[in-house]
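Student: Hi! Could we go through this structure together? I'd like to talk about helix packing and then salt bridges.

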Amino acid sequence: MQLTSKRQTTGTPNWPGFDHPEFDGHEKIVFGHDAATGLYTVIAIHDTRLGPALGGCRMWPYGSTDEALTDALRLSRGMTYKNALAGLDFGGGKAVIIADPEVHKTPELMRAFGKKVDALGGLYITAEDVGLTPSDIEMIGCATKHARGTAQNHRGDPSPYTALGVYNGIQAALSHKYGSSDLHGRKVSIQGLGNVGFTLARFLHHAGAELIVSDINEKSVDRAINAFGAKSVDTEDAHKVEADIFAPCALGAGLNTVTIPQLGAPIIAGSANNQLAEPDDGEALAARGILYAPDYVINAGGVIALARHDVEDEVLEADVRSIGDTLTTIFKRADAENAPTDVVADRIAEERLMAAGEIS
Ligand code: NAD
């Protein structure tokens, strides 16, 4: 996600720390350390106007404290917008742990992090992100009840819900572009066949779509060819395929000044985070007449599943499917306001936040 506007922080003093380029009026930033386990964590709480901050925890061997802080601030702000547009009564927050998950991760470290989360008394609710697994969340959950995605909250892996949301988003985009959401005979180029991409491929195949798939992992590609009769393409050519939809489900920043002129599909709708390399790339897509489903809107199925962990399956599925309705609203408003879809998405999120009133 490339958010296009900054929060109003009238009167924020230009003091060291508060003048961080990514500060954006964060409500609370906690630097946590535990000497016994070697835990170094930054927990960033951006905005709780809609409710407690919900967002995952990323473990990464950041090169510096500032790198970790910058990531935490950017990600937590992104969660404010994502949760707002998903219609959730949760604010935005995110945590990072400065450590190499392959080397430094221990159950004790995870529990120490859980204690830091617990000390916030529910202001921040944590979950899985890059570098953590469902079993790490179990460990964190031993020290705090403010962790989502544990066995106790029985829907551990949120990726099937992310895939379901993307599937509904694709249908909404087709409806908007062509007046029909029917996938029969539609060609979809899927880049990345991981947890989300492969499940999405299954949904699309069952709906009658023709799949062109790519992944750096050849086994995943072979699996999709065998399971869905998919055709394959080199990963670097996935965006160029003449298809109805390009679904980026691998890495971010795939839509940039080099790839946008080469795009072969009139619709971009996939799960990857941070698809636009720069904020202006949304404008460039709109100028080419390409309908872009903003990443943080279409990939919200996973966070919806975490937020709504206690509802019946049918209720949750209906919530995730409503991502299609949200996208339709964005597409129509983008047409009416002659604005890129990513800009309109940000505006709608900000309107919801403003309506929620001041920080209590
Ligand atoms: P994953 O790690 O399971 O899958 C990613 C896949 O992309 C892997 O199969 C990998 O081999 C492949 N890949 C990596 N580099 C590639 C490249 N250059 N070209 C083609 N394929 C490449 O991840 P995931 O959980 O499926 O998530 C996919 C994307 O969706 C990520 O950007 C993630 O941040 C985003 N996302 C995921 C969720 C979720 O619930 N899992 C929620 C929101 C957003």
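This is a predicted model: local features need pLDDT of at least 70, side-chain atom pairs count only at pLDDT 80 or more; totals for chains, interfaces and linings use all residues.

Student: At what angle do α4 and α5 pack?

Tutor: About 50°, with the two axes 8 Å apart. Here α4 covers residues 159–178 and α5 covers residues 195–206.

Student: Is the crossing left-handed or right-handed?

Tutor: Right-handed, as α4 passes α5.

Student: Which residues meet there?

Tutor: From α4 you have Ser 159, Pro 160, Thr 162, Ala 163, Leu 164, Val 166, Tyr 167 and Ile 170. Facing them in α5 are Asn 195, Val 196, Thr 199, Leu 200, Phe 203 and Leu 204.

Student: How many of those contact residues are nonpolar, polar or charged?

Tutor: The contact of α4 with α5 has 10 nonpolar residues and four polar ones, with no charged residues.

Student: OK, switching to charges. How many salt bridges are there?

Tutor: The structure holds 15. One of them joins Asp 24 and Arg 77, whose closest N and O atoms are 2.6 Å apart.

Student: Where do Asp 24 and Arg 77 lie?

Tutor: Asp 24 is in the segment before β1 (28–34), while Arg 77 belongs to helix α1 (residues 65–85), so the pair ties together parts 53 residues apart in sequence.

Student: Are Asp 24 and Arg 77 buried or exposed?

Tutor: Both Asp 24 and Arg 77 are buried.

Student: What about Asp 89, which residue does its side chain meet in a salt bridge?

Tutor: Arg 352, at 2.9 Å from N to O. This one links distant parts of the chain, 263 residues apart: Asp 89 sits in the loop between α1 and β5 (91–98), and Arg 352 in helix α11 (residues 341–355).

Student: Is Asp 89 buried or exposed?

Tutor: Asp 89 is exposed, with a relative accessible area of 52%.

Student: Which residue does Glu 351 pair with?

Tutor: Arg 333, in a salt bridge of 2.7 Å, N to O. Glu 351 is in helix α11 and Arg 333 in helix α10 (residues 313–337), 18 residues apart. Glu 351 is partly exposed, with a relative accessible area of 41%.

Student: Last one: which residues do shared partners join into one network?

Tutor: Arg 58, Asp 71, Lys 94 and Asp 129, joined by salt bridges that share partners.

Technical notes:
Residues are numbered from 1 along each chain as its sequence is written. Side-chain values use heavy atoms; hydrogens and water are left out. Axes are lines fitted to C-alpha atoms, for helices over the stretch in contact, and angles run from 0 to 180 degrees between N-to-C directions. Helices (H or I, at least four residues) and strands (E, at least two) are DSSP runs, numbered from the N terminus. A crossing is left-handed if the near helix is turned anticlockwise from the far one by less than a right angle, and right-handed if clockwise. Contact means heavy atoms within 4.5 Å. Ala, Val, Leu, Ile, Met, Phe, Trp, Tyr, Cys and Pro count as nonpolar, Asp, Glu, Lys and Arg as charged, and the others, Gly among them, as polar. A salt bridge is a side-chain nitrogen of Lys or Arg within 4 Å of a carboxyl oxygen of Asp or Glu. Buried means under 20% relative accessible area, exposed over 50%, partly exposed in between (1.4 Å probe, protein chains only).
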